[in-house]
Every structure is written in structure tokens, then in C-alpha cells.
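Please load the coordinates in the viewer and display the backbone as a cartoon.

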Amino acid sequence: MRVGIDLLNVDELDRLNTRPWFQRYIFADPELGQAHALGARSREFLAGRFAAKEAVLKVLGVGLFQGVPPRDISLGRTENGEPTVTLHGAAKLAARRRCITDVEVSITHKGQVVAAVAIGW
């Protein structure tokens, strides 16, 4: 079992979003579509997804620019709102190298702070 955690101030995401490549490197198209549909809450939504992807990367044993694009980690949710994780491409290969078959995440928001924890086994 492996655990990853990430903590992010939502303002940090604002700075990163000024870079044209950032959103396409980090987020899968369905995530960007969900964020757009949320309107004013899109900033909070994307910050939570970013923190969760960072936590999953830690479970996979890689850093942000170490061969696994975060867009290869898709975060969805169940009917109850529970986040789900689906690994694609390089993320799936990294999980296989670590013998990880399942990954779950938890995301929490409080004011301008977002935290995420990922567990892989």
C-alpha cells in the first residue's frame, strides 16, 4: 500500500493557469468540461482535482514532470459525489511497475485551501 498527500492554496492555481500549456497538461477534457459547467465554482473544482492528481502521482512514485502527465489520471465521481480515479497511458504503466491495481482519493476544501489524499494498493 502507498499513500500520497497534497495541500494547495487555490491562489497557487491561479498563477499556474496563466501559462497556456498548463490546463492541457494537467486536466483531461472531461474534467475541463465539468469545470466549465460549474461557472464560479470552476476554480475550486480544478484546485481539488490538481491536488488529487499530485497525491496520486506520489502514490505512483513520480513527480509532476517525471514522465506521467497528470491528464493521464482522470478523476470522476460516483452518483454520491465520491471521487473516482481512472489511470490511462503512462499513469497506468507507472501503477503496474509499483504493483498498484487500485487507487482511491479523498479531496477536501476549506476556504482557500485544498487537500487531497490518495491511497494505492
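With which residues is L87 in contact, leaving aside its neighbours within four places in sequence? Select L87 and display its surroundings: the partners are V56, L60, D72, I73, K92, A95 and V103, where contact means heavy atoms within 4.5 Å. This is a predicted model, in which local features need pLDDT of at least 70 and side-chain atom pairs count only at pLDDT 80 or more, while totals for chains, interfaces and linings use all residues. Residues are numbered from 1 along each chain as its sequence is written, and side-chain values use heavy atoms, with hydrogens and water left out.

Remain at L87, which belongs to strand β3, residues 83-87. Helices (H or I, at least four residues) and strands (E, at least two) are DSSP runs numbered from the N terminus. L87 is buried, its relative accessible area being 17%; buried means under 20% relative accessible area, exposed over 50%, and partly exposed in between, with a 1.4 Å probe and protein chains only. For a distance, pick the C-alpha atoms of L87 and V103: they are 8.7 Å apart, at a separation of 16 residues along the chain.

Next, select helix α5, residues 89-97, where A91, A94 and A95 are buried. Viewed down the axis of α5, the buried residues fall within an arc of 100°, so they line one face of the helix; the arc is that of the directions from the helix axis to the C-beta atoms. These buried residues pack against α4, β2 (73-77) and β3. Turn to the other side of α5 to find R96 and R97, which are exposed. After α5 comes C99, with a positive phi near 60°.

Now colour the open sheet of 3 strands, whose order is β1-β5-β4 with antiparallel pairing. At its edges stand β1 and β4 (103-110), each with a single partner strand, so one side of each has no neighbour in the sheet. Neighbouring strands here are turned by 10° against each other on average, direction ignored. Axes are lines fitted to C-alpha atoms, for helices over the stretch in contact, and angles run from 0 to 180 degrees between N-to-C directions.

Select β1 together with β5 (residues 113-120): the two run antiparallel and are joined by 8 bridges. Two strands pair if DSSP finds at least two bridges between them. N9 faces V113 in β5. Helix α4 (residues 42-60) packs on the sheet, where it touches β1, β4 and β5, and its direction makes about 150° with that of β1.

Within β1 (residues 2-9), select D6. Is D6 buried or exposed? D6 counts as buried, at 11% relative accessibility. Its side chain makes a polar contact with the side chain of K58 at 3.3 Å; such a contact is a pair of N or O atoms within 3.5 Å, and within protein one must be able to donate a hydrogen and the other to accept it, while residues adjacent in sequence count only if both atoms are side-chain atoms. Beyond four places in sequence, the residues in contact with D6 include A51, E54, A55, V114, A115 and A116.

Finally, zoom out to the protein chain, which has 5 helices and 5 strands. Along the sequence they follow the pattern β-α-α-α-α-β-β-α-β-β. The C-alpha atoms fill a box of roughly 40 × 30 × 25 Å, taken along the principal axes. Of the 121 residues, 42% count as buried.
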